[in-house]
Amino acid sequence: MNKNYYALIMAGGVGSRFWPVSRTEYPKQFIDFFGVGKTLIQSTYDRFLKICLPENIFIVTNEIYSDLVKEQLPQLSPNQILAEPLLRNTAPCIAYGSLKIAELNPNATIVVAPSDHTIADIDGFVQSIEQSLDAASKNDCLITLGIKPNRPDTGYGYIQHTDYVLNTDTDLHKVKTFTEKPNLDLAKSFMQSGDFLWNAGIFIWSAKTILNAFEKHLPDMYEIFSLGRSELNTENEKTFINNAYLQCTNISIDFGIMEKAENVYVLPSDFGWSDLGTWASIYEMAEKDYVGNAVIPSEQVIMFDSSNCMVNVPKDKLVILQGLHDYIVVENNNMLMICPRDEEQRVKEFVAEVKSRFGNKFI
């Protein structure tokens, strides 16, 4: 296993779309949605153990979740958990993590990935990551993984690529454009063109290349973190980072760097990826019975004349459903949500309304 390969796993999100199971105090990356005995972050960590040495895997999270990370990944050393004092989107956390890793190993090549994705084909995932790490270690390039779309989905960002490849040894294509979540007609045209991929939000680069990109495209942020690089991996790190985040703008790595840089490449991939952004995506990935019901867990759920439903309830809860078709039924801590699957986008609006009325008491 290559000692210069590192993973930076981002685990700071709240996941309000999965209310009431995912809440501010216990967000979705720490939940076992499929009843497999592992949470999403534990599954993500295990995938990267196939690519990186255990000591080369770092988790960046909101400081309020540091104890959850320690509880679910007790094998990590304290220095492998990067605690963000504030939510500042993905660019600051990647600047922090990349500089910290670069101070440990200037020759590092880093894969950055969210903690809450699911992968069906683990071997295919490992192959794509290792191919990208190898290319990034030898070339001055920023790599992102693009998922071959199987439907015109409006919930994902899209990456358009050209026919130009990095070199003949790879399938890494030069990126032409990034597009945020499109409307349905535009998504259909993307599918028909054949040169658009879903943006998986997984990035690979050498520490040197990404830090050069920060210096060029986000110079203020680069300076903020660089001023204290000698404090990283020391007992003074937390104090420095707390001060640095107060100065950082809220900006994504996509908007801050990837859409501006000229050395961006995408690897077309197909390994059963889902970003688990909605209950509908959980339903799509989950095992279903002969009438299309996905019930997690299923021990005490009884369904009559019901089909194509997504049901997620506590193991000790007896639930009887009758006459429901194409519904989402979720219960947690005596909070119940029932809604049609095709109206799930209203969940986020509902959560926002509850938060405005009651604060975080129920969120």
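Leaving aside neighbours within four places in sequence, T144 is in contact (heavy atoms within 4.5 Å) with I159, N199, I202, F203, M258, Y265, V266 and L267. The model is predicted, and local features need pLDDT of at least 70, side-chain atom pairs count only at pLDDT 80 or more, and totals for chains, interfaces and linings use all residues. Residues are numbered from 1 along each chain as its sequence is written, and side-chain values use heavy atoms, with hydrogens and water left out.

T144 belongs to strand β6, residues 142-147; helices (H or I, at least four residues) and strands (E, at least two) are DSSP runs, numbered from the N terminus. T144 counts as buried because its relative accessibility is 0%, the term buried meaning under 20% relative accessible area, as against over 50% for exposed and in between for partly exposed (1.4 Å probe, protein chains only). The T144 side chain also reaches the backbone oxygen of I202, at 3.3 Å.

Strand β1, residues 5-10, is mostly covered, with six of its six residues buried. In a regular strand the side chains alternate between the two faces of the sheet. In β1, Y5, A7 and I9 point one way, while Y6, L8 and M10 point the other way. Two strands pair if DSSP finds at least two bridges between them. Strand β1 runs parallel to β4 (residues 109-114), to which six bridges join it; there, M10 has P114 as its bridge partner. Strand β2 (residues 57-62) is also parallel to β1 and is joined to it by four bridges, with F58 of β2 standing opposite L8.

Turning to the helices, the axes of α6 (residues 207-217) and α7 (residues 219-226) come within 5 Å and cross at roughly 120°. Axes are lines fitted to C-alpha atoms, for helices over the stretch in contact, and angles run from 0 to 180 degrees between N-to-C directions. The helices α6 and α7 are therefore oblique to each other, since angles under 35 degrees count as roughly parallel, over 145 as roughly antiparallel, 65 to 115 as roughly perpendicular and the rest as oblique. From α6, the contact involves L211, F214, E215, K216 and H217, and from α7, P219, M221 and Y222.

Finally, E331 is found in strand β16, residues 327-332, and is buried because its relative accessible area is 9%. Residues up to four places away in sequence not counted, E331 touches N312, V313, P314, K317 and L336. Between E331 and T170 lie 161 residues in sequence and 47 Å in space, C-alpha to C-alpha.

Conventions. A polar contact is a pair of N or O atoms within 3.5 Å; within protein, one must be able to donate a hydrogen and the other to accept it, and residues adjacent in sequence count only if both atoms are side-chain atoms.
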